[in-house]
Amino acid sequence: DPDIVARFFNEARAIHMVAHENIVEILDFGQTPDGQPYFIMEFLQGESLTEAIARGPMAPEQVEAIGVQMCKALGAAHAKGIVHRDLKPHNVQLVIKPDGALQVKILDFGVAKILSSPDGASSVKTRTGSLMGTPLYMSPEQCKGAGVLDHRTDIYSLGVILFEMLSGRPPFNAEGVGELFAKH
């Protein structure tokens with residue numbers, strides 16, 4: 001599927017463009033001689049933020065340590081014109097470094113929007129009105145299918161994640177996606 005392959009390479013390009021310590025590193029990407037797309041990323045040991053949240057509300061100090069690193073990573077991505085668009089606990093890996101320090105790594109830029117390339121030209125486009133993201137963490141403009149999304153959509157999703165880290169539950173739950181979108 002050409003759209004899936006395009007998203008696959010979009011993720012590799014987006015991550016490679018940012019090159020930040022709190023974003024998973026892509027070591028190489030391309031296509032095999034028989035046309036199979038691939039990318040090689042750093043090996044991460046640890047747990048997803050989803051797993052950490054599943055144990056219950058987190059201490060404010062821990063939320064701060066994780067949140068600050070997420071903000072730095074998103075700030076670096078946004079400075080390069082990249083919007084993640086699917087920020088959720090499952091896409092955040094918590095790694096313990098050899099010195100015992102916690103390091104956050106944001107993953108899965110597969111639905112990232114590259115607003116502009118280094119030369120200022122638009123480089124990746126998504127159909128207007130197409131929904132990209134995970135409903136529990138989507139911004140109001142994503143829920144409405146707005147054609148133009150910017151860095152604020154990631155900031156909203158980050159706020160939802162921080163709320164969930166502190167409380168142990170997302171701010172909104174609903175039986176159906178439409179009801180969930182209305183709550184956002």
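Reply: A salt bridge is counted here when a side-chain nitrogen of Lys or Arg lies within 4 Å of a carboxyl oxygen of Asp or Glu. The model under discussion is a predicted one.

Arg85 may be considered next. Arg85 belongs to the loop between strand E4 (82–83) and strand E5 (92–96). The phi angle of Arg85 is near 75°, a positive value in a residue other than glycine. Arg85 counts as buried because its relative accessibility is 8%.

Ala19, which is not a glycine either, has a phi of about 45°. Ala19 sits in the loop between helix H1 (2–18) and strand E1 (26–31). With a relative accessibility of 65%, Ala19 counts as exposed, whereas Arg85 counts as buried.

The salt bridges as a group deserve attention. Another joins Glu42 to Lys105, whose closest N and O atoms are 2.9 Å apart. Glu42 lies in the loop between strand E2 (37–41) and strand E3 (47–48), while Lys105 lies in strand E6 (residues 102–106), so this pair ties together parts that are 63 residues apart in sequence. Glu42 and Lys105 are both buried. A further salt bridge links Asp150 and Arg152, with 2.6 Å between the closest N and O atoms. Asp150 counts as partly exposed, at 22% relative accessibility, and Arg152 counts as exposed, at 53%.

Glu42 leads on to Glu25. Among the contacts of Glu25, leaving aside neighbours within four places in sequence, are Glu42 and Met41, together with Ile15 and Ile40. Glu25 is found in the loop between H1 and E1, the loop that also contains Ala19. The relative accessibility of Glu25 is 44%, and Glu25 therefore counts as partly exposed. Glu25 and Phe43 are 18 residues apart along the chain, and their C-alpha atoms are separated by 8.9 Å.

Ile15, one of the residues in contact with Glu25, is also touched by Phe109. Phe109 is found in the loop between E6 and strand E7 (113–114). With a relative accessible area of 1%, Phe109 is buried. Although Phe109 and Ile15 are 94 residues apart in sequence, their C-alpha atoms are 7.0 Å apart in space. Beyond Ile15, and not counting residues up to four places away in sequence, Phe109 touches Asn10, Glu11, Ala14, Ile23, Ala77, Ile82 and His84.

For helix H3 (residues 60–79) and helix H5 (residues 151–167), the axes come within 11 Å and cross at roughly 170°. Angles over 145 degrees count as roughly antiparallel, so H3 is roughly antiparallel to H5. The crossing of these two helices is right-handed. On the H3 side, the residues that meet H5 are Pro60, Val63, Ile66, Gly67, Met70, Cys71, Leu74 and His78. Their partners in H5 are His151, Asp154, Leu158, Ile161, Leu162, Met165 and Leu166. The residues of this contact divide into 11 nonpolar, three polar and one charged.

It remains to set these details within the whole. The chain has six helices and seven strands. Read along the sequence, they follow the pattern α-β-β-β-α-α-β-β-β-β-α-α-α. Of the 184 residues in the chain, 42% are buried; among the buried residues are Phe109 and Arg85. Of the contacts in the chain with a separation of 6 or more, 61% are between residues 24 or more positions apart.

Note on methods
Residues are numbered from 1 along each chain as its sequence is written. This is a predicted model: local features need pLDDT of at least 70, side-chain atom pairs count only at pLDDT 80 or more; totals for chains, interfaces and linings use all residues. Side-chain values use heavy atoms; hydrogens and water are left out. Helices (H or I, at least four residues) and strands (E, at least two) are DSSP runs, numbered from the N terminus. Buried means under 20% relative accessible area, exposed over 50%, partly exposed in between (1.4 Å probe, protein chains only). Axes are lines fitted to C-alpha atoms, for helices over the stretch in contact, and angles run from 0 to 180 degrees between N-to-C directions. Angles under 35 degrees count as roughly parallel, over 145 as roughly antiparallel, 65 to 115 as roughly perpendicular and the rest as oblique. A crossing is left-handed if the near helix is turned anticlockwise from the far one by less than a right angle, and right-handed if clockwise. Contact means heavy atoms within 4.5 Å. Ala, Val, Leu, Ile, Met, Phe, Trp, Tyr, Cys and Pro count as nonpolar, Asp, Glu, Lys and Arg as charged, and the others, Gly among them, as polar.
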